Amino acid sequence: MASLRSINQDDLRNHNLSVVLDSLLRAADPLSRADLAKETGLTKATMSVLISLLLDNGILEEGKPSGQAMYGRPSIPLVIRGGRICGMGLQINTDGYGVIVLDINGATVDERWVDADMCNADEHEVFANLDELAREQERNLERLGYTLVGTGLALPGLVTDDMRLLGARNLGWEQLDLTTFDVVDRLHPSIGNEANAAALAQVPGYATQRRGVGQIDPTGSFIYLSTDVGIGGAVVREGRVVRGDHGFGGEIGHVSVDMRGPICRCGRRGCLEVYAGRRSMVSAAGIASSDAAATRQSIGELIDRWRQRDSTVVAVVEKALEAMASVIASIVNVCDVDTVMLGGLWAHFDPALIQRVERMVQPQVLSYPEVRVRVLMADAVERPALVGAAESSLRTFVDNPLRFMERS
């Protein structure tokens with residue numbers, strides 16, 4: 001009976017520690033012990049034990065007193081301490097592959113990215129190179145004294161719960177058993193679609209401390225669309241990605257807007273991706289290119305020519321806008337979410353273009369004007385899917401902190 005009671009106490013303590021960490025990460029301003037007790041509903045005595053445990057394990061540190069309280073001691077803010085806990089994000093994308101290590105305090109410990117044309121790349125070579133990048137980071141983290149709490153991997157395709165990549169058509173990969181690759185077998189990363197990972201990077205305080213940034217509430221809901229070679233999408237509700245019953249939710253790029261339109265790489269006709277995907281747009285504008293460097297140049301040329309009112313480019317962008325607005329309105333009507341974030345290619349256009357999308361969406365929303373949709377540019381996060389993959393790994397610690405701490 002004593003053993004059962006101990007297990008229950010550990011479970012409760014682990015839950016309470018998770019609640020405290022979650023509150024600290026999502027807070028817009030530093031919180032004191034009293035603030036946390038009020039925020040979480042935990043007693044001051046319980047909070048004192050939890051904070052002592054986090055301080056003793058080097059997870060938190062006390063900041064400078066913020067001012068004299070009316071009674072008793074000055075309020076002492078609690079700060080997430082750097083140099084102790086980190087997570088690693090890995091990504092394979094259409095323009096290369098790489099790794100990032102994030103401290104839970106929000107700092108980037110290190111980042112490596114290899115630019116490459118990934119169309120029909122050899123998967124064994126790519127995963128082997130990614131493994132070497134990860135091993136390099138692990139050696140560095142050991143020297144720095146970090147505890148690596150987990151790893152996340154973002155891929156441009158559908159991944160099953162048993163670690164199979166069903167398809168990444170823009171890479172030319174189909175039906176890969178991911179467990180056969182050393183980096184997956186060794187690190188056991190949480191693996192997901194890159195759009196889902198990129199959406200997580202827009203959620204302030206999801207697993208790292210990021211104050212003073214973000215256009216949404218930490219527990220807010222939004223639709224995320226990113227234009228890469230194709231179109232990635234995710235639905236976020238109350239600060240968490242809605243993955244669906246099989247983990248494949250959010251494939252917004254393959255919503256059809258024209259049943260008689262061009263054939264998409266997925267096999268359907270008239271998908272949003274064939275009108276608003278980066279590859280489709282630069283091709284339709286006559287600026288198509290294959291390698292990664294030229295692709296970045298082509299984006300710049302597309303935007304420059306649009307600003308110069310090149311008739312061909314303007315027509316391509318207008319068609320893309322119509323398709324985007326139609327799909328956004330459909331997803332809003334289905335999900336009842338009133339905020340949309342556009343990333344990738346669209347984040348490079350002028351804000352006025354994003355405002356146009358918003359105006360085009362409004363009359364197509366069934367609940368308008370009761371519900372007014374906001375269309376926003378995604379926060380300026382370089383390689384958001386890579387960052388989101390690292391944040392998903394850090395969430396392992398936030399959800400189960402006692403696993404990585406010395407108990408007392």
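In which helix is Ser392 found? In this predicted model, Ser392 belongs to helix α12, which spans residues 384-399.

**Ser392 and its surroundings**
- Ser392 has a relative accessible area of 19% and therefore counts as buried, the cut-off for that class being under 20%.
- Leaving aside residues up to four places away in sequence, Ser392 is in contact with Gly152, Ser190, Leu200 and Tyr206.

**Nonpolar cores**
- The largest nonpolar core comprises 53 residues, and within it Val20 and Leu54 are the residues with the most contacts.
- Helix α12 supplies the largest share of this core, namely 8 residues.
- Another core, lying apart from the largest one, has 45 residues, including Ile231, Val274, Met281 and Phe349.
- When residues up to four places away in sequence are not counted, Val20 touches Leu36, Leu42, Met47, Leu50, Ile51 and Leu54.
- In soluble globular proteins, nonpolar side chains tend to be buried together.

**Packing of α2 against α3**
- Helix α2 (residues 33-40) packs against helix α3 (residues 44-56) at an angle of about 120 degrees, and their axes are 10 Å apart.
- Because of this angle, α2 is classed as oblique to α3, and the crossing of α2 past α3 is right-handed.
- On the α2 side the contact is formed by Arg33, Leu36, Ala37 and Thr40, while α3 contributes Lys44, Met47, Ile51 and Leu55.
- By residue class, the contact of α2 with α3 consists of 5 nonpolar, 1 polar and 2 charged residues.

Definitions and conventions: Residues are numbered from 1 along each chain as its sequence is written. This is a predicted model: local features need pLDDT of at least 70, side-chain atom pairs count only at pLDDT 80 or more; totals for chains, interfaces and linings use all residues. Side-chain values use heavy atoms; hydrogens and water are left out. Helices (H or I, at least four residues) and strands (E, at least two) are DSSP runs, numbered from the N terminus. Buried means under 20% relative accessible area, exposed over 50%, partly exposed in between (1.4 Å probe, protein chains only). Contact means heavy atoms within 4.5 Å. A nonpolar core is a set of buried Ala, Val, Leu, Ile, Met, Phe, Trp, Tyr and Cys residues joined through side-chain atoms within 4.5 Å. Axes are lines fitted to C-alpha atoms, for helices over the stretch in contact, and angles run from 0 to 180 degrees between N-to-C directions. Angles under 35 degrees count as roughly parallel, over 145 as roughly antiparallel, 65 to 115 as roughly perpendicular and the rest as oblique. A crossing is left-handed if the near helix is turned anticlockwise from the far one by less than a right angle, and right-handed if clockwise. Ala, Val, Leu, Ile, Met, Phe, Trp, Tyr, Cys and Pro count as nonpolar, Asp, Glu, Lys and Arg as charged, and the others, Gly among them, as polar.
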